[in-house]
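Subject: Structure handover

Hello,

Here is the structure I said I would pass on. My notes on it follow below.

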Amino acid sequence: MKKITACLFDLDGVLVDTAKYHFLAWKELADELGIEFTETHNELLKGVSRMDSLDIILNLGKMDLPQEAKDELAAKKNRVYLEYILKMKEDEILPGVKEFLMDLRNQKIGVALGSASKNAQLILQRLQIENLFDAIIDGTKVSKAKPDPEVFLKGAEALSAKPEECVVFEDAIAGLEAALNAGMRCVGVGSPETLHRANLVISGFDDFHPEDLLQKI
Ligand code: B16
Ligand code: MG
């Protein structure tokens, strides 16, 4: 059993279900553009950056636009998304997450965020868990999107942790690959069929504790 000195967390789909708000905001935009966009399509956007998400939607509608128009559409989507985020309540944190983060801190295991979202800090504030993170690496601090390992390597560096002593919690395949590319172990949060390359897959944090982590990974 290798030791664990740090845990790095994806945000959307791991700590909170913001995917539903991303969906509503993208759907509004897609409707305006006359592009069919369903919850199944929304799965393609998980863990993907804002601009790459827009490109996926435009591809669905076989549309190509100049960068300036795309920047405007991405900003418009974000304004709608922010309206939902600003209404978000503390109790939207997923079950067991806060307790798990507090247990890690009590055990002196470093805690970092590794998210593609440029709104991550605001979301952590809404959930009132910003103070539980030793480092926050988000879409404003990285230049390469997952599956590039940059976001998690920066998290490890901020915590002065070696990659092989880090465990990443991820719900998206691109994020799982980013963790493995960083030389870290990965706990998949979601379905074992999708996340079969993870070292361990859990359905959530409701009945999962740091002790389980040490035993099972
Ligand atoms: P924003 P994660 C990702 O968050 C979401 O899964 C993805 O759907 C979203 O497009 C991306 O953040 C960018 O978000 O528009 O807020 O910058 O899963 O990496 O925490
Ligand atoms: Mg995610």
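The donors of the magnesium ion (ligand 2) are spaced D-x1-D-x158-D along the chain. Please keep in mind that this is a predicted model. The protein donors are Asp-10 (OD), Asp-12 (O) and Asp-171 (OD), and they lie 2.0 to 2.2 Å from the magnesium ion. Asp-12 and Asp-171 bring together distant parts of the chain, 159 residues apart. Asp-12 is in the loop between strand S1 (6-9) and H1, whereas Asp-171 is in the loop between strand S4 (166-170) and helix H8 (173-181). Asp-12 has a relative accessibility of 15% and therefore counts as buried, the cut-off being under 20%. Asp-171, at 16%, counts as buried too.

Next, the helix packing. Helix H1 (residues 19-33) packs with helix H4 (residues 67-86) at an angle of about 140 degrees, and the axes are 8 Å apart. H1 and H4 are therefore oblique to each other, since only angles over 145 degrees count as roughly antiparallel. The crossing of H1 past H4 is right-handed. On the H1 side the contact is made by Tyr-21, His-22, Leu-24, Ala-25, Trp-26, Glu-28, Leu-29, Glu-32 and Leu-33. H4 contributes Leu-73, Lys-76, Lys-77, Val-80, Tyr-81, Tyr-84 and Ile-85. By class, the residues of this contact are 11 nonpolar, 1 polar and 4 charged.

There are also some backbone points to look at. Most residues other than glycine have a negative phi, and most peptide bonds are trans. Against that background:

- The peptide bond joining Lys-146 and Pro-147 is cis, with omega about 15 degrees. Pro-147 is in the loop between strand S3 (135-137) and helix H7 (150-158).
- Lys-62, which is not a glycine, has a positive phi, near 50 degrees. Lys-62 sits in the loop between helix H3 (50-60) and H4. With a relative accessible area of 77%, Lys-62 is exposed.
- Gln-128 is another residue other than glycine with a positive phi, here about 60 degrees. Gln-128 belongs to the loop between helix H6 (120-127) and S3. Its relative accessibility is 48%, so Gln-128 counts as partly exposed.

Regards

Definitions and conventions. Residues numbered from 1 in each chain as written. Chains lettered and ligands numbered in written order. Predicted model: local features only at pLDDT ≥ 70, side-chain atom pairs only at ≥ 80, totals over all residues. Heavy atoms only, no water. Axes fitted to C-alpha atoms, helices over the stretch in contact; angles between N-to-C directions. Helix = DSSP H or I, 4+ residues; strand = E, 2+ residues; numbered from the N terminus. Parallel < 35°, antiparallel > 145°, perpendicular 65-115°, else oblique. Left-handed = near helix turned anticlockwise from the far one by under 90°. Contact = heavy atoms within 4.5 Å. Nonpolar A, V, L, I, M, F, W, Y, C, P; charged D, E, K, R; others polar. Donors = N, O, S within 2.8 Å, 3.2 Å for Na, K, Ca; no water. Buried < 20%, exposed > 50% of the residue type's maximum accessible area, 1.4 Å probe, protein only.
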